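Visitor: I'd like to learn how to read a few features in a structure like this one. Could you walk me through them?

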Amino acid sequence: MTGIWQSYFNGLLVTGGLIMAIGAQNAFVLAQSLRREHHMAVALLCIVCDIVLVSAGVFGLAALLTQSPTLHEIARWGGVAFLLWYGAQALRRAMRPQALLQGEGTRRSRRAVLATTLAVTLLNPHVYLDTVLLIGSLGAQQPTPGAYALGAACASTVWFLALALGGAWLAPWLARPLTWRLLDIGVACMMFFIAAQLIRGL
């Protein structure tokens, strides 16, 4: 049972830390929420995309890593290096915090908005690096990869629903550099904690 909860919280923390970074997808979801323009459909589509990509990474890479101890070690130390680098980047951002800005625009059809959502989500190469490669490779090394994937799915669901449902309320906070400074410090702590677990060999 301990392994299941450890895997679940690792998935929750890693995905939460990655997904909260300022980016085009978060800005787009928040903008749709502020305009009340198909914002729930946008959030749900982002959640589905994340779950599919993370699951493909976790279970696809899990099969490969269990067959090759060498690949497993490469993935483990590659994950450690990335987590340490990402944590350092978060601390660097905390020194010069930004704000998440929302855009303006005319109201569009649901189809146009969802097409834009897919473009913002799937045409960004960092999405595949984060979800399939990084989150997937870390999840494949967990005691219970399925619990890790569930934790990742929960983090994605909570974040995008929070942006969609609470966009108008969250906007003043997300527009403050101090908010992102605190978030980045928290993200750095998460990344260093998971890296330490990987170094200990899980």
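Visitor: Let's start with accessibility. Does F9 count as buried, partly exposed or exposed?

Guide: Keep in mind that this is a predicted model. Buried means under 20% relative accessible area and exposed means over 50%, with partly exposed in between. F9 has 40% relative accessibility, so F9 counts as partly exposed.

Visitor: And how do W5 and Y8 come out, buried or partly exposed?

Guide: W5 has a relative accessible area of 44%, so W5 is partly exposed. Y8 is at 17%, and therefore counts as buried.

Visitor: How are the rings of Y8 and F9 arranged?

Guide: For ring pairs, look at the distance between centres and the angle between planes; over 60 degrees counts as edge-to-face. Y8 and F9 make an edge-to-face pair, with 5.3 Å from centre to centre and 80 degrees between the planes.

Visitor: How many aromatic pairs are there in the whole structure?

Guide: A search finds three. One of them joins W5 and Y8: the ring centres are 5.8 Å apart and the planes meet at 85 degrees, so this pair is edge-to-face. Both residues sit in helix α1 (residues 2–19), three residues apart, about one turn of the helix. Together, W5, Y8 and F9 form one aromatic cluster.

Visitor: Which residues line the largest cavity?

Guide: The lining consists of T15, D50, I51, V54, A152, A153 and S156. By class, that is four nonpolar, two polar and one charged residues. Helices α3 (39–67) and α7 (145–165) each supply at least two lining residues.

Terms used:
Residues numbered from 1 in each chain as written. Predicted model: local features only at pLDDT ≥ 70, side-chain atom pairs only at ≥ 80, totals over all residues. Heavy atoms only, no water. 1 Å grid on protein atoms, 1.4 Å probe; cavity = no way out; pocket = protein on both sides within 12 Å on 5 of 7 lines; lining within 4 Å. Helix = DSSP H or I, 4+ residues; strand = E, 2+ residues; numbered from the N terminus. Nonpolar A, V, L, I, M, F, W, Y, C, P; charged D, E, K, R; others polar. Phe/Tyr/Trp six-rings, centres within 6.5 Å; stacked < 30°, edge-to-face > 60°. Buried < 20%, exposed > 50% of the residue type's maximum accessible area, 1.4 Å probe, protein only.
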